[in-house]
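These are my notebook entries on one protein model. I looked up selected residues and then a domain interface.

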Amino acid sequence: MCDIQHEISRLLHFARQKGLIAPEDEVYAANRLLDVLHVEDYVPEEVDETLETATPILECMLDYAAEKGLIEGTTDERDLFDTRIMDCVMPRPSEVVHEFHTRYETSPREATDYYYALSIASNYIRKARIDKNIAWKTATEFGDLDVTINLSKPEKDPRDIAKAKLAKAAGYPKCLLCRENEGYAGRVNHPARETHRLIPLDLAGHPWFLQYSPYTYYNEHCIVLNSDHVPMVISRETFENLTAFLEIFPHYFAGSNADLPIVGGSILSHDHYQGGRYTFAMERAAVEQEYTFAHYPQVRAGRVKWPMSTLRLTSSDKDALVELATAILTAWRTYSDASVDILAETDAPHNTITPIARRRGTDFEFDLVFRNNRTTAEHPLGLFHPHAEVHHIKKENIGLIEVLGLAILPARLKSEMEQIRAELLRGTADIAGIADIEKHADWYRSVRAAHTTVTEGNVDGILRDEIGKVFLEVLTHAGVFKRDTAGMAAFDRWIESIAGV
(Lines give C-alpha, C1' and ligand atoms only; values in the text may rest on other atoms or scores of the structure.)
Protein backbone atom coordinates (compact mmCIF):
# COMPACT_ATOMS: atom_id res chain seq x y z
CA MET A 1 0.00 0.00 0.00
CA CYS A 2 1.28 3.47 -0.86
CA ASP A 3 2.25 6.01 1.79
CA ILE A 4 -0.82 8.20 1.43
CA GLN A 5 0.59 11.06 3.50
CA HIS A 6 3.62 11.21 1.21
CA GLU A 7 1.35 11.21 -1.84
CA ILE A 8 -0.68 14.08 -0.40
CA SER A 9 2.51 16.09 0.03
CA ARG A 10 3.53 15.21 -3.53
CA LEU A 11 0.20 16.39 -4.93
CA LEU A 12 0.33 19.66 -2.99
CA HIS A 13 3.86 20.25 -4.26
CA PHE A 14 2.73 19.50 -7.84
CA ALA A 15 -0.25 21.85 -7.50
CA ARG A 16 1.99 24.70 -6.29
CA GLN A 17 4.47 24.12 -9.12
CA LYS A 18 1.71 24.24 -11.74
CA GLY A 19 0.04 27.30 -10.28
CA LEU A 20 -3.15 25.49 -9.29
CA ILE A 21 -2.86 26.71 -5.71
CA ALA A 22 -0.96 29.50 -3.95
CA PRO A 23 1.01 28.95 -0.72
CA GLU A 24 -1.92 30.45 1.19
CA ASP A 25 -4.18 27.66 -0.14
CA GLU A 26 -2.01 24.77 0.98
CA VAL A 27 -3.50 24.00 4.39
CA TYR A 28 -7.02 24.34 3.02
CA ALA A 29 -6.21 22.03 0.10
CA ALA A 30 -4.53 19.50 2.41
CA ASN A 31 -7.62 19.35 4.62
CA ARG A 32 -9.85 18.81 1.61
CA LEU A 33 -7.64 15.91 0.51
CA LEU A 34 -7.71 14.38 4.00
CA ASP A 35 -11.51 14.45 3.89
CA VAL A 36 -11.82 12.95 0.40
CA LEU A 37 -9.27 10.21 1.13
CA HIS A 38 -10.55 9.51 4.67
CA VAL A 39 -7.14 10.19 6.21
CA GLU A 40 -7.13 11.26 9.87
CA ASP A 41 -3.54 12.36 10.46
CA TYR A 42 -1.16 14.31 8.28
CA VAL A 43 2.39 15.57 8.68
CA PRO A 44 3.54 17.66 5.69
CA GLU A 45 6.74 16.56 3.94
CA GLU A 46 9.22 18.45 1.82
CA VAL A 47 9.06 17.19 -1.76
CA ASP A 48 11.65 17.81 -4.46
CA GLU A 49 10.47 16.55 -7.83
CA THR A 50 9.20 17.86 -11.14
CA LEU A 51 6.37 16.04 -12.91
CA GLU A 52 4.70 16.85 -16.20
CA THR A 53 1.34 15.50 -15.02
CA ALA A 54 -0.14 14.33 -11.73
CA THR A 55 -0.86 10.87 -13.11
CA PRO A 56 1.82 8.96 -11.09
CA ILE A 57 0.52 10.51 -7.85
CA LEU A 58 -3.12 9.91 -8.73
CA GLU A 59 -2.49 6.27 -9.62
CA CYS A 60 -1.03 5.68 -6.14
CA MET A 61 -3.93 7.50 -4.50
CA LEU A 62 -6.47 5.50 -6.52
CA ASP A 63 -4.81 2.22 -5.56
CA TYR A 64 -5.00 3.34 -1.92
CA ALA A 65 -8.68 4.25 -2.29
CA ALA A 66 -9.46 0.86 -3.82
CA GLU A 67 -7.57 -1.01 -1.09
CA LYS A 68 -9.41 0.97 1.59
CA GLY A 69 -12.78 0.29 -0.04
CA LEU A 70 -13.45 3.94 -0.88
CA ILE A 71 -14.01 2.95 -4.50
CA GLU A 72 -14.58 -0.38 -6.25
CA GLY A 73 -11.60 0.15 -8.53
CA THR A 74 -13.31 0.01 -11.91
CA THR A 75 -12.17 2.37 -14.67
CA ASP A 76 -15.20 4.63 -14.30
CA GLU A 77 -14.95 4.78 -10.51
CA ARG A 78 -11.25 5.58 -10.67
CA ASP A 79 -11.95 8.37 -13.17
CA LEU A 80 -14.71 9.82 -11.00
CA PHE A 81 -12.54 9.66 -7.89
CA ASP A 82 -9.30 11.05 -9.34
CA THR A 83 -11.29 14.05 -10.59
CA ARG A 84 -12.65 14.56 -7.08
CA ILE A 85 -9.10 14.40 -5.73
CA MET A 86 -7.82 16.99 -8.21
CA ASP A 87 -10.69 19.33 -7.45
CA CYS A 88 -9.17 19.70 -3.97
CA VAL A 89 -6.25 21.59 -5.52
CA MET A 90 -8.14 23.57 -8.17
CA PRO A 91 -8.78 27.32 -8.36
CA ARG A 92 -12.41 28.42 -8.43
CA PRO A 93 -13.96 29.22 -11.84
CA SER A 94 -13.92 32.97 -11.13
CA GLU A 95 -10.19 32.84 -10.37
CA VAL A 96 -9.48 31.07 -13.65
CA VAL A 97 -11.57 33.57 -15.61
CA HIS A 98 -9.85 36.50 -13.89
CA GLU A 99 -6.37 35.11 -14.59
CA PHE A 100 -7.33 34.40 -18.21
CA HIS A 101 -8.47 37.98 -18.78
CA THR A 102 -5.43 39.40 -17.01
CA ARG A 103 -3.16 37.46 -19.35
CA TYR A 104 -5.33 38.30 -22.36
CA GLU A 105 -4.49 41.97 -21.83
CA THR A 106 -0.90 41.01 -22.70
CA SER A 107 -1.88 38.76 -25.62
CA PRO A 108 -4.57 36.26 -26.61
CA ARG A 109 -1.88 33.62 -27.01
CA GLU A 110 -0.63 34.09 -23.44
CA ALA A 111 -4.20 33.66 -22.18
CA THR A 112 -4.78 30.41 -24.05
CA ASP A 113 -1.31 29.13 -23.12
CA TYR A 114 -2.24 29.60 -19.45
CA TYR A 115 -5.65 27.99 -19.86
CA TYR A 116 -4.33 25.01 -21.81
CA ALA A 117 -1.52 24.38 -19.30
CA LEU A 118 -4.07 24.58 -16.46
CA SER A 119 -6.31 22.04 -18.21
CA ILE A 120 -3.41 19.59 -18.50
CA ALA A 121 -2.10 20.16 -14.96
CA SER A 122 -5.57 19.59 -13.50
CA ASN A 123 -5.83 16.28 -15.38
CA TYR A 124 -8.98 17.58 -17.08
CA ILE A 125 -7.05 16.93 -20.30
CA ARG A 126 -5.85 13.39 -19.68
CA LYS A 127 -2.48 13.84 -21.33
CA ALA A 128 -1.03 10.56 -20.05
CA ARG A 129 -3.74 8.71 -21.97
CA ILE A 130 -3.57 10.92 -25.03
CA ASP A 131 0.16 10.24 -25.30
CA LYS A 132 -0.69 6.57 -25.88
CA ASN A 133 -2.37 7.40 -29.18
CA ILE A 134 -0.53 6.18 -32.27
CA ALA A 135 0.00 8.99 -34.78
CA TRP A 136 1.77 9.49 -38.10
CA LYS A 137 1.55 11.35 -41.39
CA THR A 138 0.92 9.88 -44.83
CA ALA A 139 2.11 11.76 -47.91
CA THR A 140 -0.52 12.18 -50.64
CA GLU A 141 -1.08 14.41 -53.66
CA PHE A 142 -3.18 16.60 -51.34
CA GLY A 143 -0.48 17.00 -48.72
CA ASP A 144 0.50 15.08 -45.61
CA LEU A 145 -2.61 13.61 -44.00
CA ASP A 146 -2.59 13.09 -40.23
CA VAL A 147 -3.55 9.60 -39.07
CA THR A 148 -4.23 8.61 -35.45
CA ILE A 149 -5.33 5.39 -33.80
CA ASN A 150 -7.25 6.61 -30.78
CA LEU A 151 -6.17 4.72 -27.65
CA SER A 152 -6.89 7.47 -25.13
CA LYS A 153 -10.39 6.45 -24.12
CA PRO A 154 -10.14 3.31 -21.94
CA GLU A 155 -12.30 0.29 -22.58
CA LYS A 156 -15.36 -0.06 -20.40
CA ASP A 157 -15.13 -2.37 -17.40
CA PRO A 158 -18.01 -4.94 -17.43
CA ARG A 159 -18.87 -3.83 -13.89
CA ASP A 160 -19.29 -0.25 -15.07
CA ILE A 161 -21.46 -1.37 -17.98
CA ALA A 162 -23.70 -3.29 -15.56
CA LYS A 163 -24.02 -0.27 -13.27
CA ALA A 164 -24.82 2.02 -16.18
CA LYS A 165 -27.72 -0.23 -17.18
CA LEU A 166 -29.17 0.04 -13.69
CA ALA A 167 -28.60 3.78 -13.34
CA LYS A 168 -31.65 6.01 -13.49
CA ALA A 169 -31.93 8.33 -16.45
CA ALA A 170 -30.98 11.87 -15.52
CA GLY A 171 -31.64 15.13 -17.29
CA TYR A 172 -28.91 17.15 -15.61
CA PRO A 173 -26.69 18.14 -17.25
CA LYS A 174 -28.66 17.74 -20.46
CA CYS A 175 -25.56 16.70 -22.43
CA LEU A 176 -21.77 16.57 -22.19
CA LEU A 177 -21.44 20.08 -23.62
CA CYS A 178 -23.83 21.99 -21.38
CA ARG A 179 -22.24 24.67 -19.23
CA GLU A 180 -23.79 22.95 -16.19
CA ASN A 181 -21.02 20.37 -16.46
CA GLU A 182 -18.61 22.82 -14.81
CA GLY A 183 -17.85 21.31 -11.40
CA TYR A 184 -20.28 18.39 -11.84
CA ALA A 185 -19.21 15.33 -9.82
CA GLY A 186 -20.31 12.87 -12.50
CA ARG A 187 -21.99 9.49 -12.25
CA VAL A 188 -21.53 6.04 -13.69
CA ASN A 189 -22.96 7.10 -17.07
CA HIS A 190 -21.64 10.68 -17.10
CA PRO A 191 -17.98 11.69 -16.68
CA ALA A 192 -16.84 13.78 -13.75
CA ARG A 193 -16.24 17.44 -14.51
CA GLU A 194 -15.18 18.79 -11.10
CA THR A 195 -11.94 20.11 -12.61
CA HIS A 196 -13.76 21.63 -15.58
CA ARG A 197 -13.35 25.40 -15.94
CA LEU A 198 -15.05 27.48 -18.65
CA ILE A 199 -14.10 30.81 -20.18
CA PRO A 200 -17.13 33.02 -21.00
CA LEU A 201 -17.19 34.52 -24.51
CA ASP A 202 -19.40 37.00 -26.28
CA LEU A 203 -19.94 35.95 -29.89
CA ALA A 204 -22.04 38.38 -31.90
CA GLY A 205 -23.91 39.48 -28.78
CA HIS A 206 -24.72 36.01 -27.41
CA PRO A 207 -23.04 34.21 -24.50
CA TRP A 208 -20.83 31.24 -25.40
CA PHE A 209 -18.08 29.41 -23.53
CA LEU A 210 -14.59 28.21 -24.37
CA GLN A 211 -13.22 24.91 -23.10
CA TYR A 212 -10.71 22.30 -24.22
CA SER A 213 -11.55 18.77 -25.22
CA PRO A 214 -10.66 16.28 -22.45
CA TYR A 215 -9.27 13.99 -25.18
CA THR A 216 -7.52 16.41 -27.48
CA TYR A 217 -6.99 15.16 -31.03
CA TYR A 218 -4.53 17.95 -31.94
CA ASN A 219 -2.74 20.85 -30.29
CA GLU A 220 -5.02 23.03 -28.14
CA HIS A 221 -8.14 21.28 -29.41
CA CYS A 222 -10.86 23.56 -28.06
CA ILE A 223 -14.64 23.47 -28.03
CA VAL A 224 -16.81 26.59 -28.20
CA LEU A 225 -20.25 25.86 -26.80
CA ASN A 226 -23.50 27.77 -26.89
CA SER A 227 -24.73 28.79 -23.43
CA ASP A 228 -28.13 27.38 -24.45
CA HIS A 229 -28.80 23.70 -25.07
CA VAL A 230 -30.00 24.12 -28.67
CA PRO A 231 -29.40 21.85 -31.67
CA MET A 232 -26.57 22.27 -34.15
CA VAL A 233 -27.45 24.52 -37.07
CA ILE A 234 -25.43 26.03 -39.90
CA SER A 235 -26.71 29.53 -40.69
CA ARG A 236 -25.63 33.12 -41.11
CA GLU A 237 -25.17 33.21 -37.34
CA THR A 238 -22.59 30.42 -37.65
CA PHE A 239 -20.44 32.51 -39.98
CA GLU A 240 -20.84 35.58 -37.77
CA ASN A 241 -19.83 33.60 -34.70
CA LEU A 242 -16.79 32.08 -36.40
CA THR A 243 -15.46 35.48 -37.46
CA ALA A 244 -16.18 36.87 -33.98
CA PHE A 245 -14.19 34.00 -32.47
CA LEU A 246 -11.26 34.71 -34.79
CA GLU A 247 -11.28 38.35 -33.74
CA ILE A 248 -10.89 37.23 -30.12
CA PHE A 249 -8.38 34.45 -30.87
CA PRO A 250 -6.61 35.24 -34.16
CA HIS A 251 -4.05 32.47 -33.54
CA TYR A 252 -6.74 29.76 -33.55
CA PHE A 253 -8.85 28.27 -36.32
CA ALA A 254 -12.52 27.46 -35.74
CA GLY A 255 -15.09 25.38 -37.54
CA SER A 256 -18.38 23.61 -37.16
CA ASN A 257 -19.56 20.11 -37.82
CA ALA A 258 -22.42 19.94 -40.27
CA ASP A 259 -25.94 20.04 -38.85
CA LEU A 260 -27.33 16.83 -40.37
CA PRO A 261 -26.93 13.18 -39.36
CA ILE A 262 -24.33 11.06 -41.24
CA VAL A 263 -22.33 14.12 -42.35
CA GLY A 264 -22.41 15.78 -38.93
CA GLY A 265 -20.40 15.11 -35.80
CA SER A 266 -21.21 12.91 -32.83
CA ILE A 267 -23.18 15.57 -30.88
CA LEU A 268 -25.92 17.29 -32.87
CA SER A 269 -28.09 18.17 -29.86
CA HIS A 270 -25.95 21.08 -28.63
CA ASP A 271 -24.71 23.87 -30.88
CA HIS A 272 -20.92 24.07 -30.71
CA TYR A 273 -17.75 24.68 -32.70
CA GLN A 274 -14.27 23.23 -32.54
CA GLY A 275 -10.96 24.99 -32.97
CA GLY A 276 -7.38 25.15 -31.82
CA ARG A 277 -3.82 25.89 -32.79
CA TYR A 278 -2.84 23.38 -35.43
CA THR A 279 -2.14 23.54 -39.15
CA PHE A 280 -3.97 20.79 -41.02
CA ALA A 281 -3.31 19.60 -44.55
CA MET A 282 -6.47 21.33 -45.76
CA GLU A 283 -5.11 24.73 -44.69
CA ARG A 284 -1.95 24.10 -46.72
CA ALA A 285 -3.91 22.92 -49.78
CA ALA A 286 -3.79 25.29 -52.74
CA VAL A 287 -6.62 26.85 -54.72
CA GLU A 288 -6.66 25.07 -58.08
CA GLN A 289 -9.52 26.94 -59.79
CA GLU A 290 -10.46 30.58 -59.15
CA TYR A 291 -14.02 31.92 -59.35
CA THR A 292 -15.60 35.36 -59.34
CA PHE A 293 -18.79 36.39 -57.54
CA ALA A 294 -20.11 39.47 -59.30
CA HIS A 295 -21.48 41.27 -56.25
CA TYR A 296 -18.50 40.49 -54.01
CA PRO A 297 -15.39 41.76 -55.79
CA GLN A 298 -13.64 42.15 -52.41
CA VAL A 299 -13.82 38.37 -51.81
CA ARG A 300 -11.36 36.01 -53.49
CA ALA A 301 -12.87 32.59 -54.21
CA GLY A 302 -11.58 29.29 -55.50
CA ARG A 303 -11.91 25.53 -55.51
CA VAL A 304 -9.44 23.90 -53.15
CA LYS A 305 -7.34 20.97 -54.29
CA TRP A 306 -8.78 18.64 -51.69
CA PRO A 307 -10.54 15.25 -51.79
CA MET A 308 -13.70 16.74 -50.29
CA SER A 309 -15.56 19.39 -52.29
CA THR A 310 -14.36 22.69 -50.85
CA LEU A 311 -14.78 26.34 -51.83
CA ARG A 312 -12.35 28.80 -50.24
CA LEU A 313 -13.40 32.42 -49.62
CA THR A 314 -10.82 34.98 -48.48
CA SER A 315 -11.23 38.67 -47.68
CA SER A 316 -10.24 41.39 -45.23
CA ASP A 317 -13.91 42.44 -45.29
CA LYS A 318 -15.50 40.01 -42.83
CA ASP A 319 -19.01 41.37 -43.41
CA ALA A 320 -18.77 40.68 -47.15
CA LEU A 321 -17.37 37.24 -46.35
CA VAL A 322 -20.32 36.43 -44.08
CA GLU A 323 -22.82 37.76 -46.65
CA LEU A 324 -21.37 35.65 -49.47
CA ALA A 325 -21.04 32.51 -47.33
CA THR A 326 -24.67 32.88 -46.27
CA ALA A 327 -25.83 33.29 -49.86
CA ILE A 328 -23.86 30.19 -50.91
CA LEU A 329 -25.27 28.14 -48.00
CA THR A 330 -28.82 29.21 -48.89
CA ALA A 331 -28.33 28.23 -52.53
CA TRP A 332 -26.67 24.91 -51.65
CA ARG A 333 -29.59 23.87 -49.43
CA THR A 334 -31.78 23.54 -52.54
CA TYR A 335 -29.22 22.64 -55.22
CA SER A 336 -29.47 19.34 -57.07
CA ASP A 337 -27.46 17.77 -59.87
CA ALA A 338 -28.73 14.28 -60.58
CA SER A 339 -25.87 13.66 -63.03
CA VAL A 340 -23.54 13.38 -60.04
CA ASP A 341 -26.13 11.94 -57.59
CA ILE A 342 -26.63 15.19 -55.65
CA LEU A 343 -30.28 15.57 -54.63
CA ALA A 344 -31.12 18.39 -52.25
CA GLU A 345 -34.18 16.64 -50.86
CA THR A 346 -36.02 13.32 -51.08
CA ASP A 347 -37.79 12.27 -47.90
CA ALA A 348 -35.79 14.92 -46.01
CA PRO A 349 -33.34 17.75 -46.73
CA HIS A 350 -29.84 16.49 -47.58
CA ASN A 351 -27.56 19.44 -48.33
CA THR A 352 -25.52 21.33 -45.75
CA ILE A 353 -22.02 22.72 -45.24
CA THR A 354 -19.08 22.04 -42.93
CA PRO A 355 -17.47 25.50 -42.48
CA ILE A 356 -13.90 26.11 -41.34
CA ALA A 357 -12.58 29.60 -40.55
CA ARG A 358 -9.08 30.96 -39.99
CA ARG A 359 -7.04 34.16 -40.22
CA ARG A 360 -4.31 34.77 -42.78
CA GLY A 361 -2.73 38.00 -41.61
CA THR A 362 -5.43 40.65 -41.84
CA ASP A 363 -7.64 38.42 -44.00
CA PHE A 364 -10.45 36.16 -42.82
CA GLU A 365 -10.78 32.87 -44.66
CA PHE A 366 -13.63 30.38 -44.94
CA ASP A 367 -13.36 26.88 -46.34
CA LEU A 368 -16.92 25.79 -47.17
CA VAL A 369 -17.11 22.02 -47.55
CA PHE A 370 -20.25 20.92 -49.36
CA ARG A 371 -22.00 17.93 -47.75
CA ASN A 372 -24.94 15.70 -48.62
CA ASN A 373 -26.33 12.97 -46.35
CA ARG A 374 -28.46 11.02 -48.81
CA THR A 375 -28.58 7.23 -48.47
CA THR A 376 -29.20 4.64 -51.18
CA ALA A 377 -29.85 0.92 -51.32
CA GLU A 378 -26.23 0.38 -52.33
CA HIS A 379 -24.93 2.72 -49.62
CA PRO A 380 -27.42 2.57 -46.72
CA LEU A 381 -25.06 4.35 -44.32
CA GLY A 382 -24.59 7.25 -46.70
CA LEU A 383 -23.81 7.81 -50.37
CA PHE A 384 -21.21 10.47 -49.45
CA HIS A 385 -19.95 8.55 -46.44
CA PRO A 386 -17.20 5.91 -46.14
CA HIS A 387 -18.31 3.04 -48.37
CA ALA A 388 -18.42 -0.58 -47.26
CA GLU A 389 -15.02 -1.45 -48.74
CA VAL A 390 -13.25 0.89 -46.28
CA HIS A 391 -15.30 0.07 -43.17
CA HIS A 392 -12.60 -2.34 -42.02
CA ILE A 393 -10.54 0.78 -41.31
CA LYS A 394 -13.07 3.60 -40.86
CA LYS A 395 -16.86 3.36 -40.63
CA GLU A 396 -17.80 6.34 -38.47
CA ASN A 397 -19.09 9.74 -39.60
CA ILE A 398 -16.68 12.13 -41.29
CA GLY A 399 -16.89 15.21 -39.13
CA LEU A 400 -14.97 18.46 -38.98
CA ILE A 401 -11.68 16.96 -37.81
CA GLU A 402 -11.55 14.33 -40.55
CA VAL A 403 -12.64 16.90 -43.14
CA LEU A 404 -9.53 18.89 -42.21
CA GLY A 405 -7.33 15.86 -42.91
CA LEU A 406 -6.93 14.12 -39.55
CA ALA A 407 -8.08 10.51 -39.33
CA ILE A 408 -9.41 9.36 -35.96
CA LEU A 409 -9.32 5.59 -36.22
CA PRO A 410 -10.70 3.05 -33.72
CA ALA A 411 -8.50 1.48 -31.03
CA ARG A 412 -9.19 -2.03 -32.39
CA LEU A 413 -6.77 -1.30 -35.25
CA LYS A 414 -3.77 -1.48 -32.93
CA SER A 415 -4.14 -5.20 -32.22
CA GLU A 416 -5.48 -5.94 -35.69
CA MET A 417 -2.49 -4.29 -37.38
CA GLU A 418 -0.13 -6.18 -35.07
CA GLN A 419 -1.67 -9.44 -36.30
CA ILE A 420 -1.57 -8.32 -39.94
CA ARG A 421 2.06 -7.30 -39.48
CA ALA A 422 2.91 -10.80 -38.28
CA GLU A 423 1.08 -12.42 -41.22
CA LEU A 424 2.82 -10.16 -43.74
CA LEU A 425 6.21 -11.12 -42.33
CA ARG A 426 5.27 -14.81 -42.45
CA GLY A 427 4.30 -14.41 -46.09
CA THR A 428 0.73 -15.59 -45.48
CA ALA A 429 -1.14 -15.47 -48.77
CA ASP A 430 -4.62 -14.90 -47.38
CA ILE A 431 -6.06 -13.99 -43.96
CA ALA A 432 -9.71 -14.70 -44.82
CA GLY A 433 -9.76 -17.60 -42.38
CA ILE A 434 -8.35 -15.69 -39.39
CA ALA A 435 -11.35 -14.58 -37.36
CA ASP A 436 -9.98 -11.41 -35.75
CA ILE A 437 -8.65 -9.90 -38.97
CA GLU A 438 -10.64 -11.49 -41.78
CA LYS A 439 -12.47 -8.18 -42.30
CA HIS A 440 -9.17 -6.89 -43.73
CA ALA A 441 -8.74 -9.79 -46.19
CA ASP A 442 -9.34 -7.90 -49.45
CA TRP A 443 -7.14 -5.01 -48.31
CA TYR A 444 -4.45 -7.43 -47.13
CA ARG A 445 -4.27 -9.01 -50.57
CA SER A 446 -3.90 -5.60 -52.21
CA VAL A 447 -1.13 -4.65 -49.76
CA ARG A 448 0.75 -7.88 -50.53
CA ALA A 449 0.38 -7.27 -54.24
CA ALA A 450 1.74 -3.74 -53.95
CA HIS A 451 4.71 -4.71 -51.74
CA THR A 452 6.46 -7.85 -52.88
CA THR A 453 9.25 -7.46 -50.33
CA VAL A 454 8.15 -7.11 -46.71
CA THR A 455 10.79 -7.07 -43.99
CA GLU A 456 11.11 -6.14 -40.33
CA GLY A 457 12.65 -2.91 -41.53
CA ASN A 458 9.82 -1.76 -43.82
CA VAL A 459 6.63 -3.49 -42.62
CA ASP A 460 5.55 -0.75 -40.20
CA GLY A 461 6.00 1.98 -42.80
CA ILE A 462 4.07 -0.08 -45.35
CA LEU A 463 1.12 -0.57 -43.01
CA ARG A 464 0.98 3.08 -41.99
CA ASP A 465 1.15 4.32 -45.57
CA GLU A 466 -1.53 1.88 -46.69
CA ILE A 467 -3.83 2.88 -43.82
CA GLY A 468 -3.27 6.52 -44.77
CA LYS A 469 -4.25 5.71 -48.35
CA VAL A 470 -7.49 4.18 -47.08
CA PHE A 471 -8.20 7.39 -45.18
CA LEU A 472 -7.69 9.32 -48.40
CA GLU A 473 -10.23 7.01 -50.03
CA VAL A 474 -12.60 7.69 -47.12
CA LEU A 475 -12.37 11.43 -47.79
CA THR A 476 -12.88 10.83 -51.50
CA HIS A 477 -16.07 8.88 -50.77
CA ALA A 478 -17.31 11.82 -48.67
CA GLY A 479 -16.71 14.32 -51.47
CA VAL A 480 -19.96 15.26 -53.22
CA PHE A 481 -18.22 16.33 -56.45
CA LYS A 482 -15.79 13.57 -57.36
CA ARG A 483 -12.32 14.48 -58.56
CA ASP A 484 -12.83 13.18 -62.07
CA THR A 485 -13.73 15.05 -65.26
CA ALA A 486 -17.49 14.78 -64.67
CA GLY A 487 -17.22 15.75 -61.00
CA MET A 488 -15.05 18.80 -61.56
CA ALA A 489 -17.31 19.97 -64.40
CA ALA A 490 -20.27 19.58 -62.05
CA PHE A 491 -18.48 21.62 -59.37
CA ASP A 492 -17.90 24.39 -61.92
CA ARG A 493 -21.59 24.28 -62.96
CA TRP A 494 -22.62 24.63 -59.33
CA ILE A 495 -20.44 27.72 -58.84
CA GLU A 496 -21.58 29.21 -62.15
CA SER A 497 -25.18 28.85 -61.00
CA ILE A 498 -24.53 31.10 -58.01
CA ALA A 499 -21.96 33.49 -59.45
CA GLY A 500 -24.57 36.24 -59.43
CA VAL A 501 -25.80 35.83 -55.83
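**Entry 1: His 477**

I looked up the side chain of His 477 and found that it reaches the backbone nitrogen of His 387 at 3.1 Å. I count such a pair as a polar contact, that is, N or O atoms within 3.5 Å; within protein, one atom must be able to donate a hydrogen and the other to accept it, and residues adjacent in sequence count only if both atoms are side-chain atoms. The model is predicted: local features need pLDDT of at least 70, side-chain atom pairs count only at pLDDT 80 or more, and totals for chains, interfaces and linings use all residues. Residues are numbered from 1 along each chain as its sequence is written, and side-chain values use heavy atoms, with hydrogens and water left out.

I placed His 477 in helix H15 (residues 459-478). Helices (H or I, at least four residues) and strands (E, at least two) are DSSP runs, numbered from the N terminus. His 477 counts as buried because its relative accessibility is 8%; buried means under 20% relative accessible area, exposed over 50%, and partly exposed in between (1.4 Å probe, protein chains only).

I then listed the contacts of His 477, contact meaning heavy atoms within 4.5 Å. Leaving aside neighbours within four places in sequence, the partners of His 477 include Leu 383, Phe 384, His 385, Pro 386 and His 387. Glu 389, Val 390 and Lys 482 are also among the partners of His 477.

**Entry 2: Asn 372**

I found Asn 372 in strand S12 (residues 363-372). Asn 372 has 1% relative accessibility and therefore counts as buried. Which side chain does the side chain of Asn 372 join in a polar contact? The partner is Asn 351, at 2.7 Å. I also noted a polar atom of the Asn 372 side chain 3.0 Å from the backbone oxygen of Leu 343. Beyond neighbours within four places in sequence, Asn 372 is in contact with residues including Val 263, Ile 342, His 350, Phe 384 and Val 480.

**Entry 3: Thr 140**

I located Thr 140 in strand S1 (residues 134-140). Thr 140 counts as buried because its relative accessibility is 18%. The Thr 140 side chain reaches the backbone oxygen of Gly 143 at 2.8 Å, and a polar atom of that side chain lies 3.0 Å from the backbone nitrogen of Phe 142. Not counting residues up to four places away in sequence, Thr 140 touches Leu 145 and Leu 472.

**Entry 4: the domain interface**

I took the domain bounds from an automatic or database domain assignment. The assignment gives domain 1 (4-131) and domain 2 (154-214 + 217-384 + 484-498). The contact between them takes 33 residues from domain 1 and 38 residues from domain 2. The buried area is about 2900 Å², with 58% from carbon and sulfur atoms; buried area is the accessible area (1.4 Å probe) that two parts lose on being put together, summed over both.

How many salt bridges are counted between domain 1 and domain 2? The count is two, a salt bridge being a side-chain nitrogen of Lys or Arg within 4 Å of a carboxyl oxygen of Asp or Glu. I also looked up the side chains of Asp 113 and Arg 277, which meet in a salt bridge (2.7 Å, N to O). The rule finds 14 residue pairs in polar contact across the interface of domain 1 and domain 2, both residues at pLDDT 80 or more. On the side of domain 1 that touches domain 2, helix H4 (75-87), helix H5 (93-104), helix H6 (108-121) and helix H7 (127-130) each supply at least two residues. H4 gives the most to that side, with nine residues.
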